[in-house]
Amino acid sequence: MPEHVQEAHAPVGFAAPVLPRPVGEPERLKVSIDNNHCELFGLCQQEAPTVFDLGPDGRLRYDANPKAADGPAVRQAARVCPMQAITLREAR
Ligand code: SF4
């Protein structure tokens, strides 16, 4: 597994806020998932399948440094996550 690919595991912790979209900035984001909060619903994978992958082994893998082109889909994934387990930060 590449170094920037992370795994998430259940169960529950704190929700993190999603940053507002920066005006005029590229959608280059860093992704992290609260392993204590993710309940493996897989909605993130539906919204951004190139970034999130809920495998048949029940583990969620994700690209912590997705391409800028995936930014809108990643933001949507964070919005729809019922556990608000996805934290987004601007990549620097
Ligand atoms: S949508 Fe949220 S709770 Fe569901 S698998 Fe993705 S990060 Fe986990």
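Predicted model: local features only at pLDDT ≥ 70, side-chain atom pairs only at ≥ 80, totals over all residues.
Of the 92 residues in this protein, 28% are buried.

First, the fold. The protein has 2 helices and 5 strands, and from the N terminus on they run β-β-α-β-β-α-β. Taking contacts between residues at least 6 apart in sequence, 72% join residues at least 24 apart.

Now the core. The largest nonpolar core holds 20 residues, and Phe52, Val74, Ala77 and Ile86 touch the most other members. At least two residues of this core come from each of strand 2 (29–33), strand 3 (52–54), strand 4 (60–63), helix 2 (71–80) and strand 5 (86–90).

Let me take helix 2. Gly71, Val74, Arg75, Ala77 and Ala78 are its buried residues. They sit on the same side of helix 2, because the arc they cover around the axis is only 155°. What do they pack against? The partners are strand 2, helix 1 (43–47), strand 3 and strand 5. Val74 shows this residue by residue: with neighbours within four places in sequence left aside, Val74 is in contact with Leu29, Val31, Ala48, Val51, Pro66 and Leu88.

Two of those contacts, Leu29 and Val31, bring us to strand 2. Side chains alternate along this strand. Strand 2 runs antiparallel to strand 5, and 5 bridges join the two. As for Ser32, its bridge partner in strand 5 is Thr87.

Next, the ligand. There are 15 residues around it, and Cys38, Phe41, Leu43, Cys44 and Cys81 come nearest. What is the make-up of this shell by class? It has 13 nonpolar residues, 1 polar and 1 charged.

Last, two backbone angles to look at. Most residues other than glycine have a negative phi. Leu40 is not a glycine, yet its phi is positive, about 60°. Leu40 lies in the loop between strand 2 and helix 1.

Gln84 is placed in the loop between helix 2 and strand 5. Gln84 has 17 C-beta neighbours inside 10 Å, so it counts as partly exposed.

Note on methods:
Residues numbered from 1 in each chain as written. Near = placed C-beta within 6 Å. Nonpolar A, V, L, I, M, F, W, Y, C, P; charged D, E, K, R; others polar. Core = buried A, V, L, I, M, F, W, Y, C linked by C-beta atoms within 7 Å. Buried ≥ 20, exposed ≤ 12 C-beta atoms within 10 Å, placed from the backbone. Helix = DSSP H or I, 4+ residues; strand = E, 2+ residues; numbered from the N terminus. Contact = placed C-beta atoms within 7 Å. Pairing = 2+ DSSP bridges. Arc of directions from axis to C-beta.
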